[in-house]
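Subject: Structure for your review

Hello,

Here is the structure I said I would pass on. My notes on what was found in it follow below.

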Amino acid sequence: MSSLERRAASASSRFSIDFKALGPFLALVVLFVLGTAINDAFLSGGNLSNIFTRAAFIGIIAVGATFVITAGGIDLSVGSMAAFISGAMIVVMNTLVETLGPGLETVLIGIVVSIILGIGAGAVNGLVSTKGKIEAFIVTLGTMGIYRSLVTYMADGGTLSLDFEVRGTYRPVYYGELLGIPVPVLVFLAVAIAGYVLLNMTPFGRKCFAIGSNEQVARYSAIHVDRVKTMTYVIQGLCVSIATIIYVPRLGSASSSTGVLWELEAIAAVIIGGTMLKGGYGRIWGTVVGAIMLTTIGNILNLTDAISNYLNGAVQGLIIIVAVFLQRGDWRRKKSK
Amino acid sequence: MTDAAVHAVNPGIGGEVRLSGRKICKSFGPAQVLFDVSIDLHAGEVHALLGENGAGKSTLVKILSGYHEPTEGGLVLDGAEVSFADSEAGEGHGVILIHQELNLAEQLTVEENIFLGREIKRGWFLDKTAMRAEAQRLLEQLQCDVDPRTRIRDLSVSDRQMVEIAKALSKKADILILDEPTAVLTGREVEILFDQIRRLREQGVAILYISHKLDEIKAIADRVTVLRDGRHIVTEPVVDLSKDDMARLMVGRDIKQMFPHRVSDTSAPIVLSVRDLSVPGQVRDASFNLHKGEVLGFAGIVGAGRTALMEAIIGLRERSSGTIERNGAPVRIASLQDAKNSGIAYLTKDRKGSGLLLNMDMRPNLTLLALEKFGRVIVDRKAEEAALEKAIEAFDIRAADRKAKVGDFSGGNQQKLLLAKVMETDPDIVIIDEPTRGIDIGTKSQIYHFIGDLTDRGKSVILLSSEMPEMLGLSDRIAVMAAGRITGILEGNDRNEHEIMRHATGISGQEGVSVHE
């Protein structure tokens, strides 16, 4: 390619990157305008706080997924993992009530258990796929089934319910507010900021980009590819455990239907946000916006009679496809390229 | 290039004009890359297209074969104006382009690739017997000893090239365009390819041959067209131009000195000593010493084990035995990280596959290998930018735009960036594998002078190359490998093509190793 040709090519790629960066934000603005037009209640403090709180679960998981996907991997097990960790937390806390009572200690130990399980489950996904040289898609498809059936087993096919008194202690983690902002939203914000710093400003994040772009180049650049990839799954597991910690006090229960399809929503949020599914390029803020968008769509459908709420999945699916199509930027490029 | 090839030049200029490009201009967006270029391809003639990277050669051949449409000007085929809607239309008229980057489906077999999209059928079903027989015939014609049932991914790069050519032959190409076909071929394979090209020429095929290698153009081409900066410079019979003429026309100035002037000092201390290193199935009992400030060449045919040996030294490949000493003290190198800490750096020959992140810009590429230098907790972007500034200056990287993706760079600029990347680790020993593959002559000379600068500063270089002139022009000593062994280390007057070939083919150099120290 000649230097002139190169200049032309880079000019067009610069344009598409701008589009990539702004696209999800623009789409979110459009959704908010649409929501306001449909129903005045949309912009009310209560409704907005509701949207952001609900977006927090998927959003936190999706921040972890951004690392995995940027480094060229995929994790399908996050929904089952969330259900399993929820179940395990409830079982542990219910058992501890007998000895420690329904106080803060019980909840704290439950939280510690959640974090240990999240890191452990992530490490299993990462180590089996890297050391075992099995594709992450297969490994996490397997662990998805395993975690799901473990929670079904723990609940004996039914529902695990958290001890009523412990619920009282634990409640503020979901229902509480700080400076008028719901706790889950604050946690979401903190996870997103930490994720942004880690992915965009540290050597670790740079290595994730490199591995996702070309594993061979990473290997020839003295990067411990297996180690970094395993770490991305551990981060994913940690994010799932954080999401679970704020999810459990919401309903105070876990069953085999907890967290169903969360993996797909998380991946959707990541992709809408502009991260490339094949790896090598990831954006935490895009992911955050993606998660908020998905929740907002559901919310808007609740507020209007124009489209049935049962079509929520269809609208989300459509938006995912359109978002990726727009980001690719091919639609405006001429044949001669 | 052997003598036989040089003598086989066909001085006769071919028959009638088959395909012409008339006053072709091409712009990509606001950038014009071709200016009024005209070219005629004659039946029964090999026409060479010569030019530096970025001169517009690839764009021109893509227009001739229908991959691009010209912005202005047009094509004339057998006296009638034509325009190809796409490359399929071009192939329909017998114009076939073999790309520099091979286009084969890796998971399919040789025969499936040759007939991809044009499968021979009997009724509704594929006629595998017929396809296999035809594939076999084509490969035999090319003296290519490959089973048509082999999957492409199991073939060497040079065999893949032969499959591409077999595919073109099976399409009954009568205007064949070859874009740097010999970049990945060994000397013997080049000979076979040239025999095929000559055979096709005798059959009246019009051939357009793109290459950087002036020897090859002298050997195979009848006529040569030189492009520079998107403009037609000259079209002359090859016999009327010397290699120096061609180089000058291509670069637009005299290349005063291709190779740096270096003084070798074999009494300098030994900085690296490798003893009895083996890699299962690839390298056996390799031993050699490297002196401070020395360029040690490694010659050998493809598959002799040179790259495997180097990758074993830097910890990228498992070795079954062998010791490595740095400055007289044994070192343990189990990973590339260890090699880096021991001051050894490796420049891969596969700059696109293992060297650079093509979808990223220069900055992350430059600092990737030495990332810890730019901050252990937070990467210091300012320091990275400063390093990039220095590297662009020091290695003369000519990028129109800092933010451009490295994949869009010319081969020369990619190679300079890769060199800069490796030098960020400040190594004492630099192992360079095929430093100038697919790079134009001006940039080549620059890279040779960078290597000269390194040794002037007391660094040592191991050079792996299949290009004889750079091997001879740069190396103080030349180790030759054949079938996984070092068959000899040539010094002084023994450093000549003849001795290298004798050792590389195993005529010279006995079992074991003859290390001249």
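A residue is called buried under 20% relative accessible area, exposed over 50%, and partly exposed in between. With a relative accessible area of 41%, Y175(A) is therefore partly exposed. Please keep in mind that this is a predicted model.

Aromatic residues in chain A

Y175(A) pairs with Y174(A) in an edge-to-face arrangement, 4.7 Å centre to centre and with 85° between the planes. Y174(A) has a relative accessibility of 10%, so this residue counts as buried. Both tyrosines belong to a cluster linked by ring pairs, together with F57(A), Y247(A) and W262(A). The ring of Y175(A) also has a charge over it: the charged end of R171(A) sits there, 4.3 Å from the ring centre. A further case is found in chain B, where R231(B) lies over the face of F35(B) at 3.9 Å from the centre of the ring. Over all chains, the count of aromatic pairs is 14.

Nonpolar cores

Which residues touch the most other members of the largest nonpolar core? They are F67(A), M89(A), M93(A), Y170(A) and I223(A), in a core of 87 residues. Helix 2 of chain A, residues 45–70, gives the most to this core, namely 14 residues. Apart from this core lies another one, of 70 residues, including V271(B), L356(B), V430(B) and V461(B).

F67(A) is worth a look on the display. Once its neighbours within four places in sequence are set aside, F67(A) is in contact with G195(A), L198(A), L199(A), F204(A), C208(A), T232(A), I235(A) and I284(A).

S253(A) lies in strand 4 of chain A, which covers residues 253–255. The relative accessibility of S253(A) is 18%, so S253(A) counts as buried. Its contacts, again leaving aside neighbours within four places in sequence, are I90(A), T159(A), L160(A), S161(A) and V248(A).

Two sheets in chain B

Strands of a sheet pair through backbone hydrogen bonds, in either the parallel or the antiparallel sense. One open sheet in chain B has six strands in the order 18-19-20-15-21-22, and its pairing is mixed. Which strands stand at its edges? Strand 18 (344–347) and strand 22 (485–490) of chain B do; each has a single partner strand, so one side of each is left without a neighbour in the sheet. From one strand to the next, the twist averages 20°.

Within this sheet, strand 15 (residues 295–299) and strand 21 (residues 477–482) of chain B pair in the parallel sense over four bridges. A299(B) has V480(B), in strand 21 of chain B, as its bridge partner. Helix 18 of chain B, residues 497–504, packs on the sheet and touches strand 15, strand 21 and strand 22 of chain B. The direction of helix 18 makes about 30° with that of strand 21 of chain B.

Another open sheet in chain B has four strands in the order 14-13-16-17, with antiparallel pairing. At its edges are strand 14 (283–291) and strand 17 (329–331) of chain B; each has a single partner strand, so one side of each is left without a neighbour in the sheet. Neighbouring strands of this sheet are turned by 20° against each other on average, direction ignored.

Strand 13 (residues 270–279) and strand 14 of chain B run antiparallel and are joined by six bridges. One residue to look at here is V274(B), whose bridge partner in strand 14 of chain B is F288(B). Helix 10 of chain B (residues 306–313) lies across strand 13, strand 14 and strand 16 (321–326) of chain B, running at about 115° to strand 13.

Backbone angles

Most residues other than glycine have a negative phi. K133(A) has a positive phi, near 50°. K133(A) is found in the loop between helix 4 (104–131) and helix 5 (136–154) of chain A, and at 70% relative accessibility K133(A) counts as exposed.

Phi is also positive, near 50°, at D36(B). D36(B) lies in strand 2 of chain B, residues 31–42. D36(B) has a relative accessible area of 45% and is therefore partly exposed.

Regards

Methods. Residues are numbered from 1 along each chain as its sequence is written. Chains are lettered from A and ligands numbered from 1 in the order in which they are written. This is a predicted model: local features need pLDDT of at least 70, side-chain atom pairs count only at pLDDT 80 or more; totals for chains, interfaces and linings use all residues. Side-chain values use heavy atoms; hydrogens and water are left out. A nonpolar core is a set of buried Ala, Val, Leu, Ile, Met, Phe, Trp, Tyr and Cys residues joined through side-chain atoms within 4.5 Å. Buried means under 20% relative accessible area, exposed over 50%, partly exposed in between (1.4 Å probe, protein chains only). Contact means heavy atoms within 4.5 Å. Rings of Phe, Tyr and Trp (its six-membered ring) pair if their centres lie within 6.5 Å; planes under 30 degrees apart count as stacked, over 60 as edge-to-face and the rest as tilted. A charge sits over a ring if NZ of Lys or CZ of Arg is within 6 Å of the ring centre and within 35 degrees of the ring normal. Two strands pair if DSSP finds at least two bridges between them. Axes are lines fitted to C-alpha atoms, for helices over the stretch in contact, and angles run from 0 to 180 degrees between N-to-C directions.
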